[in-house]
Amino acid sequence: MSDKEKLDSWKEIARHLKRDVRTCQRWEKELGLPVHRLEGTSRPRVFAYTEEINTWIKKKHAHCFEKHGPGGTAARLKFLGIAALAIFITALFLVFMPITRPGFPIDFKIEGSKLVMLDGEGRELWEFDTGLSNLADEEFYRSHFPSKRLTLGATVNQPYLLIEDVNADGSPEVLFSIQTRDEMREGILFCFSSRGKTLWSFDAGRRLVFGDTEYSSAYRIHGLRSEDWDNDGHKEVLCVAKHAYRFPCRVMLLDHLGDIRGEYCHSGYLVDYEFIDLENDGRKEIVLAGMNNEWRAACCAVLDPGAMKGASFQIDPEYTCRNMERGTEKHYLLFPSSSVPAPKGMKPCIRHMEFSDKDRRMTLSTAPPPLIFDLNYDMELTALTLTHAFKNAYHIWSPSKRPRPSLEEIRHELIDEGILYLSGEKWRTTPSP
C-alpha cells in the first residue's frame with residue numbers, strides 16, 4: 001500500500017497495521033490512532049489514511065512496532081518454536097534418563113563383605129564395604145526384605161534393610177543394619193544417600209544396669225520401621241535391638257538425621273511392632289509385642305512416640321533397669337498362659353500381630369502352644385481362639401496330677417484368668433491406660 005491510500009473499514013485498517021480489529025479500536029481510544037468517521041449515515045462509516053497512520057507510528061510509537069511489528073511477530077514465533085523444541089528435548093531426556101545415567105536404588109545384593117545397591121534394571125549403582133568377613137549372606141538379608149514377613153513357623157522376620165525417602169529430599173535413602181553369621185560385631189545402623197554417601201550411622205548398643213549387674217553394649221538390631229509420625233515431612237526410624245546374650249531389649253525412635261527422639265527399655269525381647277493410630281486422632285502409637293522375662297508371660301506395650309522414655313515396670317531388682325526411669329507406656333498388657341505345656345525351653349511370647357483399621361481390631365498370636373487373642377483398639381478382649389496347633393499339643397499332652405480338662409474348660413480357664421492391665425504399679429483385669 002502507498003502512504004496516500006485510503007482505508008475504508010476497520011478490517012482494512014487492521015490489515016494495514018497487521019493487528020486484529022479490537023486492538024486497532026483500542027489504539028484509537030487509548031493512543032490516538034488517527035481514524036475518521038463519515039457522519040450523516042445510519043452507522044457512521046470509519047476510514048483512515050495510510051499516510052497519517054504511518055506518520056503516527058513514526059512519531060509516537062515506532063518502539064512498539066520495532067518489538068511487536070511484523071518482524072517482532074516472526075521473532076516471537078521463532079522464540080516459541082525454540083522453547084517448544086527445548087521442552088520436547090527435556091521430556092525425552094527425562095523419559096530416557098535411566099538409560100543415560102544411574103537411577104535410584106531399588107534392589108541390592110551382598111557380595112562377601114560388601115553391600116551392593118542396584119537400580120530397577122539390575123545395574124550396580126554403588127557399594128559399601130563393611131570390612132566384615134562374617135557379614136550375613138544375601139539369602140539371609142532377602143528373607144527380611146522389603147518388609148516384615150510371617151514365616152511358616154508363625155514367627156516374624158523383621159526388615160534389616162529399608163529403601164525409603166527418610167529426609168524428604170525426593171530420592172530414597174538406604175537404611176542398612178549390620179547382621180553377621182555368628183552374631184558378632186553387630187548393632188550398627190547406616191543411612192546412605194541414593195548415591196551411596198554415608199549420611200549418618202547409629203550404634204544400637206548401650207551399657208545398662210539391672211539389679212547389681214551391668215550388661216555390655218553388645219546389641220543386635222532386630223528390625224526397622226520408618227514412619228512420618230509427627231507429619232513434618234520427614235520420616236522417623238524405629239530401631240529395635242536385643243541384647244546379644246541376655247534379656248534387655250532397646251526400642252529407639254530416631255529422627256531423619258539419626259538422632260534419638262525417644263528410647264524405651266524392656267525386660268524381655270520384643271519381636272513384633274507397628275505404628276498404628278489406636279485412638280483415631282490422626283497420630284499413630286507404637287505397638288510392641290513379645291514377652292516379659294520377669295512375669296514369664298506374653299506381653300504387649302503401647303507407646304506414645306512423642307513421650308517415649310523409660311523402662312518397663314518390673315518388681316524383681318534383677319529385671320529392673322537402674323539407668324532409666326519408669327517407662328511412659330500408654331498401655332501394658334500381660335496375657336494368660338494355658339495349662340497345656342510348651343515345648344521344653346520355650347516361653348510364652350506374642351509371635352506376631354495383625355491389625356484391621358476398618359474394624360478397629362488387633363489380632364495377637366501367642367506361642368507356644370499358639371493361642372489367638374482378638375482385641376479392639378481399646379485393648380478389650382473380643383475373642384479367644386484355640387488354634388489347630390494348640391489342639392494338637394493338647395492331644396499329646398498327658399497331665400500327671402489330674403485328669404486332663406477338656407478344650408472348652410481350658411478356654412474358659414484362660415478367659416477367667418483374663419488379660420492383666422498395668423495401671424500405675426498395680427495389675428487390673430480391665431483396660432486402664
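At what angle do helix H1 and helix H2 pack, and how far apart are their axes? Point 2 takes this up. The notes below concern a predicted model.

1. **The whole chain.** Start with the overall counts. The chain holds nine helices and 28 strands. It has 433 residues, and 46% of them count as buried. Now look at contacts between residues at least 6 apart in sequence. Of these, 48% join residues at least 24 apart.

2. **Helices H1 and H2.** H1 covers residues 10-17 and H2 covers residues 21-31. The two pack at an angle of about 90 degrees, and their axes are 9 Å apart. H1 is therefore roughly perpendicular to H2, since angles of 65 to 115 degrees fall in that class.

3. **What meets at that contact.** From H1 come Trp-10, Lys-11, Ile-13, Ala-14 and Leu-17. From H2 come Val-21, Cys-24, Gln-25, Trp-27 and Glu-28. Sorted by class, the contact has seven nonpolar residues, one polar residue and two charged residues.

4. E2 is joined to strand E3 (residues 45-49) by three bridges, and the two run antiparallel.

5. **His-36.** This residue lies in strand E2. His-36 then touches Arg-45, Val-46, Phe-47, Ala-48, Tyr-49 and Glu-52.

6. **Two distances from His-36.** Take Ala-48 to begin with. His-36 and Ala-48 are 12 residues apart in sequence, yet their C-alpha atoms are 5.7 Å apart in space. Then take Glu-52. The side chains of His-36 and Glu-52 are joined by a polar contact of 2.8 Å.

7. **Strands E4 and E5.** Strand E4 (residues 107-111) runs antiparallel to E5, and five bridges join them. Ile-110 stands opposite Leu-115 in E5. The two strands form a hairpin with two residues between them. Gly-112 sits in the turn and has a positive phi of about 65 degrees.

8. **Strands E5 and E6.** E5 also pairs with strand E6 (residues 124-129), in the antiparallel sense and over five bridges. Here Leu-118 stands opposite Glu-124 in E6. This hairpin has five residues between its strands. Gly-122 takes a positive phi near 85 degrees.

9. **How enclosed is E5?** How many of the five residues of strand E5 are buried? Four are, so strand E5 (residues 114-118) is largely enclosed by the rest of the structure. Buried here means under 20% relative accessible area. As a general point, side chains in a regular strand alternate between the two faces of the sheet.

10. **Asp-232.** Leave the strands for a loop. Asp-232 lies between strand E15 (219-227) and strand E16 (236-243). At 40% relative accessibility, Asp-232 counts as partly exposed. Asp-232 and Ala-168 are 64 residues apart in sequence. Their C-alpha atoms are 9.7 Å apart in space.

11. **A sheet of four strands.** This open sheet has the order E23-E24-E25-E26 and antiparallel pairing. Its edge strands are strand E23 (349-356) and strand E26 (381-386), each pairing on one side only. Neighbouring strands are turned by 20 degrees against each other on average, with direction ignored. Seven bridges join E23 to strand E24 (residues 361-367), and these two run antiparallel. Glu-354 has Thr-363 in E24 as its bridge partner.

12. Which helix lies across strand E25 and E26? Helix H9 (residues 407-417) does. The helix runs at about 145 degrees to E26. Strand E25 covers 371-376.

Terms used:
Residues numbered from 1 in each chain as written. Predicted model: local features only at pLDDT ≥ 70, side-chain atom pairs only at ≥ 80, totals over all residues. Heavy atoms only, no water. Pairing = 2+ DSSP bridges. Axes fitted to C-alpha atoms, helices over the stretch in contact; angles between N-to-C directions. Parallel < 35°, antiparallel > 145°, perpendicular 65-115°, else oblique. Contact = heavy atoms within 4.5 Å. Nonpolar A, V, L, I, M, F, W, Y, C, P; charged D, E, K, R; others polar. Polar contact = N/O pair within 3.5 Å; in protein donor to acceptor, adjacent residues only side chain to side chain. Buried < 20%, exposed > 50% of the residue type's maximum accessible area, 1.4 Å probe, protein only. Lists of a residue's contacts leave out its neighbours within four places in sequence.
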